[in-house]
Amino acid sequence: TLPVITQTTLSNPYYRNTNTVTFGGSCETGLTITIKRSGVTENTAACAAGAWSYGVATQSVDATYNYTFEQTDSAGNVGTASGQWIRDTVNPVLTFT
């Protein structure tokens, strides 16, 4: 059976004009969470009392950042959740004619 992990702290996709955000959700206690950004391992987080939280590294460039959160049990089963943060600090341009 796959470990059950969710990402429920932020809507998906999540638009924000700040340099960092925090993802979080539920998980299987005792299993480490591997955090990947665009498929590359960025960090790990602990699952404590069925919950997890991770503040992403500061980003100063407007872009779309895709994260995957994985838990692997002792049998090698991998449960995944994902989140997308779109950093957008540019105000829209309105043109009236």
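The dialogue below sets computed values against the definitions.

Author: This is a predicted model, in which local features need pLDDT of at least 70, side-chain atom pairs count only at pLDDT 80 or more, and totals for chains, interfaces and linings use all residues. Residues are numbered from 1 along each chain as its sequence is written, and side-chain values use heavy atoms, with hydrogens and water left out.

Reader: What makes β3 and β4 paired strands?

Author: Strands are DSSP runs (E, at least two residues), numbered from the N terminus. Two strands pair if DSSP finds at least two bridges between them. Strand β3, residues 33–37, is joined to β4 by 5 bridges, so the two strands meet the definition of a pair. They run antiparallel, and arginine 37 has valine 40 in β4 as its bridge partner.

Reader: Why are β1 and β4 said to stand at the edges?

Author: The open sheet has 5 strands in the order β1-β7-β6-β3-β4, with mixed pairing. β1 (14–16) and β4 (40–45) each have a single partner strand, so one side of each is left without a neighbour in the sheet. Neighbouring strands are turned by 25° against each other on average, direction ignored; the axes behind such angles are lines fitted to C-alpha atoms.

Reader: Why is the contact of lysine 36 with glutamate 70 called a salt bridge?

Author: The term requires a side-chain nitrogen of Lys or Arg within 4 Å of a carboxyl oxygen of Asp or Glu. For lysine 36 and glutamate 70 the N to O distance is 3.4 Å, so the contact qualifies. Lysine 36 lies in strand β3 and glutamate 70 in strand β6 (residues 63–72), 34 residues apart in the chain.

Reader: How many salt bridges does the structure hold?

Author: The structure holds 3 salt bridges. Among them, arginine 37 meets glutamate 42 with the closest N and O atoms 3.3 Å apart. Another joins arginine 87 to aspartate 62, at 2.5 Å. Arginine 87 is in strand β7 (residues 78–87), whereas aspartate 62 is in the loop between β5 (51–55) and β6.

Reader: How do you know whether arginine 87 is buried or exposed?

Author: Buried means under 20% relative accessible area, exposed over 50%, and partly exposed in between (1.4 Å probe, protein chains only). Arginine 87 has 8% relative accessibility and therefore counts as buried.

Reader: What makes glutamate 70 buried?

Author: Glutamate 70 has a relative accessible area of 18%, so the term buried applies. Arginine 37, at 27%, counts as partly exposed, and glutamate 42, at 26%, is also partly exposed.

Methods:
Helices (H or I, at least four residues) and strands (E, at least two) are DSSP runs, numbered from the N terminus. Axes are lines fitted to C-alpha atoms, for helices over the stretch in contact, and angles run from 0 to 180 degrees between N-to-C directions.
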